[in-house]
Amino acid sequence: MDSSEQRRFSDQVLNPRASLQPGTLRFAMLERLTRSLGKDPDTATPRDVYDALSLCVREELTARWLATQRRVARAHVKRVCYLSVEFLPGRTLTNALSSLDADFVAEARAAVTTLGLDFDELVALEVDPGLGNGGLGRLAACFLDSLATLQYPAVGYGIRYDYGIFTQTIGPDGAQHEQASTWLRLRNVWETPRSDARYVVRFGGRVAAQTDPEGKERRVWVETQDILAVGFAQLVPGNRSPTVNHLRLWSGRAITPFHIEDFNAGNHAAAVEDQVAAKNVSRVLYPDDSTPQGKELRFKQQYFFVSASVQDLLANHIAEGRSLADLPDSVALQLNDTHPALAIPELLRLLLDVHDLDWTLAWGISCQLFGYTNHTLLPEALETWPVAFFERLLPRHLEIIYRINGEFLLEVERRWPHDDAAKSALSLIAEGYGRRVRMAHLAVVGSHKVNGVAKLHSELVRKTVFAGFAALYPERFTNVTNGITVRRWLKQSNPGLSQLLTERLGAAWENDLEELERLVGSAEDPEFRARFRDIKLANKRRLVAEIDARTGLDVSLHSLFDVQVKRIHEYKRQLLNLLYVVTRYQRIRANPQLDVVPRTVMFAGKAAPGYFLAKLIIRLINNVATVINQDPVTQGKLACVFLPDYDVSLAQKIMPAADLSEQISTAGMEASGTGNMKLSLNGALTIGTLDGANIEIRDAVGEENIFIFGLTASEVADVKSRGYRPRDYLVDNPELQATLELIRSGFFNPRQPEAAQPIIDRLLGDDEPYLVLADFAAYCAAQERVDTLYRDPDEWSRRAILNCLRMGPFSSDRSIREYAERIWNIRPVI
């Protein structure tokens with residue numbers, strides 16, 4: 001196009017104001033239904049209408065995305081590329097409508113109603129993308145939302161898992177069962193295949209030395225087995241913002257997907273063998289790694305997606321006419337945990353072997369690009385990979401890692417001469433039995449910034465797992481406390497409370513959560529408290545219906561909704577909660593006339609398929625729930641429920657209805673947590689340890705408005721150093737003894753009375769690392785304080801309101817601004 005044609009194109013097509021406008025949505029939907037999908041409105045199915053509505057919204061997002069890309073390219077600014085093996089975006093339709101215009105949700109509801117359909121039922125047809133398992137993926141999605149809302153140029157990179165995280169079902173015995181997710185079974189109208197984003201990803205082979213015509217020796221990776229990474233784009237709109245960024249997800253494909261000679265020879269399986277093998281790298285999130293094949297597949301997955309992503313960002317950089325030396329001024333690469341750490345040697349390989357840069361320049365560029373976010377202090381979660389994997393699958397990358405390590409150890413020697421212990425502790429290679437590459441060490445050495453995700457976590461990162469690195473590079477370490485997007489977790493999840501806040505504040509709080517602080521005085525207003533309680537009751541009514549639909553259990557609307565919803569893991573201590581539930585049950589059984597606060601205890605979350613004990617915990621929760629819920633003595637006093645297949649959409653119903661938020665991890669083990677923020681924002685009070693972001697939440701909401709209990713991180717360390725003996729905590733606690741004995745006896749599972757024995761053995765073992773029994777008495781005392789306060793509904797509401805209105809510092813918008821200033825050095829493009 002010439003310049004005048006380009007201007008007309010921009011005005012007519014790329015200008016968001018020239019396309020979908022309020023008042024036009026119904027016509028646009030019907031046009032897509034008839035012209036794009038070929039459906040008669042009189043006979044169209046609800047899914048047809050969903051697709052039509054989604055198509056016209058996606059087309060609007062696409063126009064805005066093109067305008068964003070053009071605006072960013074003209075500005076020649078720095079972009080952030082966010083690499084994460086998980087993304088949990090949740091459903092897209094309502095989020096997209098809400099982001100485009102405040103009136104579009106109501107307009108869409110009215111348009112759907114004219115066709116005789118219910119809008120909420122239509123929205124529920126969308127299956128949550130199974131692209132994540134927990135907080136890591138949800139955080140990544142919140143960050144993409146905030147990047148677009150704040151108008152920062154950004155792209156997310158991940159894997160387009162065919163089956164994603166598994167669908168969780170609960171069997172008759174209470175055990176978790178995994179089924180393949182069907183999120184891609186029907187047409188996914190929100191993704192766009194990108195034919196311009198196809199890259200070769202290589203495995204295996206060997207490294208050969210070659211001499212070029214100028215006499216320079218080059219390392220050449222040859223005889224590899226290659227597959228294709230094919231890109232799919234999912235658009236990410238900003239709230240009340242013209243910016244639309246994108247999430248690029250990679251899918252594996254064979255370079256030659258079908259061998260007709262094999263097929264014609266009758267070798268039908270061999271004909272598609274390459275395609276099956278290529279697609280396996282993007283089949284499922286976190287394949288079970290309890291087998292050697294599963295471990296290798298995880299390793300290949302991680303390299304597959306970072307190789308495609310790094311190739312893509314280099315191609316875009318070069319296409320804009322920029323030099324490779326300018327990369328640090330063009331791109332910031334953020335590693336969301338260690339899963340994408342292979343991006344470091346992959347970038348170096350491309351700079352050295354493909355673009356012919358020398359080592360010093362390539363390493364200098366690479367170190368300026370990468371930032372690394374650490375999400376865990378648990379040693380078993382700090383990834384390591386066998387050197388043998390690299391030798392067999394990524395031999396060139398192993399050479400590069402060895403060189404990085406060699407130069408790094410020289411630096412260690414200069415700082416601590418002749419200190420072999422320091423070299424061993426800090427080396428990228430663990431030299432013990434079975435040599436392994438320490439991916440967290442690679443990420444720290446190869447990044448210019450390393451951040452934790454809460455103040456306590458960042459302090460422990462510097463003092464414990466990365467103490468040596470922090471001594472060597474003190475300026476490299478910083479903190480950025482996690483945050484959540486208010487658009488998803490309040491505006492869309494809790495429309496009643498959102499309306500109340502907008503009535504008092506206007507809509508500015510949607511993009512500036514700290515605006516809520518201006519309303520703190522309303523906690524003293526009886527009318528505001530009454531409306532707040534009515535909204536909470538309506539949210540609880542909605543969740544009661546969901547519980548009934550999923551489990552068949554009719555829980556009391558007026559009971560205290562006590563919620564622990566998160567990934568099932570021992571350090572998150574669902575067992576501590578369950579022990580208290582059984583203790584409370586025993587009290588009621590012993591004295592049926594006991595005056596207790598009615599309570600419904602809710603659990604939800606998935607256990608990794610290979611995590612034996614976590615799956616036993618789910619089974620025990622369900623077995624305990626079955627007995628309690630069937631006992632006439634507990635009716636109206638205590639209920640327990642496990643909600644299966646926890647995902648973003650279910651969380652959006654649970655969070656607004658919760659009264660009490662269980663954040664009870666062992667102090668020093670939860671990096672941050674974001675469920676604590678979502679629940680507080682929706683008016684739940686927290687019962688928790690001084691762990692992760694609980695500390696900062698306490699400081700924000702006031703220690704009188706949170707139920708803190710248990711050992712601190714330093715006290716946990718002290719108990720462990722002196723030797724933890726869990727049986728000592730039974731001596732003066734007959735209730736705890738009785739609770740453990742009731743579980744051990746098989747009371748909750750008479751058909752398999754020994755089923756819970758491994759859990760009892762774990763709790764009583766001196767090597768139990770999570771100190772569950774050590775915190776039990778303090779936890780029970782905190783629960784007594786909960787009951788006392790809940791008996792005063794007006795005071796409970798006042799404190800719940802204060803929790804909500806003081807959550808301004810926990811917005812992901814604040815987190816992203818801090819990343820932009822402290823780590824990425826990027827600015828908005830407006």
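Me: Rings of Phe, Tyr and Trp (its six-membered ring) pair if their centres lie within 6.5 Å, with planes under 30 degrees apart counted as stacked, over 60 as edge-to-face and the rest as tilted. How many aromatic pairs does a search of the whole structure find?

Reply: The search finds 24 aromatic pairs. Keep in mind that this is a predicted model, where local features need pLDDT of at least 70 and side-chain atom pairs count only at pLDDT 80 or more, while totals for chains, interfaces and linings use all residues. Residues are numbered from 1 along each chain as its sequence is written, and side-chain values use heavy atoms, leaving out hydrogens and water.

Me: Nice. How do Tyr82 and Phe143 pair?

Reply: Tyr82 and Phe143 are edge-to-face, 6.0 Å centre to centre with 80 degrees between the planes. Tyr82 is in strand S1 (residues 79-83) and Phe143 is in helix H7 (residues 135-149), so their pair ties together parts 61 residues apart in sequence. Helices (H or I, at least four residues) and strands (E, at least two) are DSSP runs, numbered from the N terminus.

Me: And are Tyr82 and Phe143 buried or exposed?

Reply: Both are buried, meaning under 20% relative accessible area; exposed is over 50% and partly exposed is in between (1.4 Å probe, protein chains only).

Me: What about Trp359 and Trp363?

Reply: Those two are stacked, at 6.0 Å centre to centre and 5 degrees between the planes. Both sit in helix H14 (residues 359-369), four residues apart, about one turn of the helix. Trp359 and Trp363 are both buried too.

Me: Which residues do ring pairs link into a cluster?

Reply: Tyr372, Phe408, Phe466, Phe469, Tyr473 and Phe477. Arg476 lies over the face of Tyr473, 3.7 Å from the ring centre. A charge sits over a ring if NZ of Lys or CZ of Arg is within 6 Å of the ring centre and within 35 degrees of the ring normal. Lys540 does this as well, with its charged end over the ring of Phe561, 4.4 Å from the centre.

Me: Switching to sheets: what order do the six strands of the open sheet have?

Reply: The order is S19-S18-S17-S20-S21-S22, with parallel pairing. Two strands pair if DSSP finds at least two bridges between them. The edge strands, S19 (638-643) and S22 (707-708), each pair on one side only.

Me: How many bridges join S17 to S20?

Reply: Two bridges join strand S17 (residues 560-565) to strand S20 (residues 660-663). Val563 stands opposite Ser661 in S20.
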